[in-house]
Amino acid sequence: DSHEEVKALQEALAEEKKMRQRMEEVGRRKITELRSACKVFLGWKLDTLRHGHYELRSVYSTSHDDFLRIERNSAGELGLQPTPLATEMSAYITQHLANGGAWPCFLSAITLHLARQHS
């Protein structure tokens, strides 16, 4: 009977929607958990502004202007955009990013620099 088939399809669709909602909720919780862990373990809060555009803020930031903005270009390479913190940390840019993009070293150097100012 077509009425029973329609009802069965509606139930299957409702179940599928429920499953998708659960998966989205789990995804949101895991993303929040990962962002929190990055902040605690690495000292940086990471925000995605839009696809390929990120803002990083150190846990040792003392000013609203203490953030880095990073963009991924079409070739997949990361580029540091001008911000007050990037300008202040130009020596670290030259030392760590200019010759090969050692992002972990760059962020570590800034973390240590800001931590020293913080304490």
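Residues are numbered from 1 along each chain as its sequence is written, and side-chain values use heavy atoms, with hydrogens and water left out. Because the model is predicted, local features need pLDDT of at least 70 and side-chain atom pairs count only at pLDDT 80 or more, while totals for chains, interfaces and linings use all residues.

**The helix pair**

Two packed helices are described by the angle between their axes and the distance between the axes. Here, helix H3 spans residues 90–97 and helix H4 spans residues 103–118. Helices (H or I, at least four residues) and strands (E, at least two) are DSSP runs, numbered from the N terminus. H3 and H4 pack at an angle of about 150 degrees, and their axes are 9 Å apart. That makes H3 roughly antiparallel to H4. The axes are lines fitted to C-alpha atoms, for helices over the stretch in contact, and the angles run from 0 to 180 degrees between N-to-C directions. Angles under 35 degrees count as roughly parallel, over 145 as roughly antiparallel, 65 to 115 as roughly perpendicular and the rest as oblique.

Which residues meet between H3 and H4? From H3 come Tyr92, Ile93, His96 and Leu97; from H4 come Trp103, Cys105, Phe106, Ala109, Ile110 and His113. By class, this contact has eight nonpolar, two polar and no charged residues. Ala, Val, Leu, Ile, Met, Phe, Trp, Tyr, Cys and Pro count as nonpolar, Asp, Glu, Lys and Arg as charged, and the others, Gly among them, as polar.

**The aromatic pair**

The structure holds one aromatic pair. The ring centres of Trp103 and Phe106 are 5.8 Å apart and the ring planes stand at 85 degrees, so the pair is edge-to-face. Rings of Phe, Tyr and Trp (its six-membered ring) pair if their centres lie within 6.5 Å; planes under 30 degrees apart count as stacked, over 60 as edge-to-face and the rest as tilted. Both residues lie in helix H4, three residues apart, which is about one turn of the helix. Trp103 and Phe106 are both buried. Buried means under 20% relative accessible area, exposed over 50%, and partly exposed in between (1.4 Å probe, protein chains only).

The table gives the relative accessible area of each residue.

| Residue | Relative accessible area | Class |
|---|---|---|
| Ala91 | 53% | exposed |
| Arg57 | 23% | partly exposed |
| Pro104 | 62% | exposed |
| Asn73 | 38% | partly exposed |

Ala91 is placed in helix H3. Pro104 is found in helix H4. Pro104 and Leu42 are 62 residues apart in sequence, and their C-alpha atoms are 9.8 Å apart.

Arg57 belongs to strand E2, residues 53–58. Leaving aside neighbours within four places in sequence, Arg57 is in contact (heavy atoms within 4.5 Å) with Gly43, Trp44, Lys45, Ser63, His64, Asp66 and Phe67. Arg57 and Ala75 are 18 residues apart in sequence and 25 Å apart in space, C-alpha to C-alpha.

Asn73 lies in the loop between strand E3 (68–72) and strand E4 (78–81). Along the chain, Asn73 and His53 are 20 residues apart, and their C-alpha atoms are separated by 9.2 Å.
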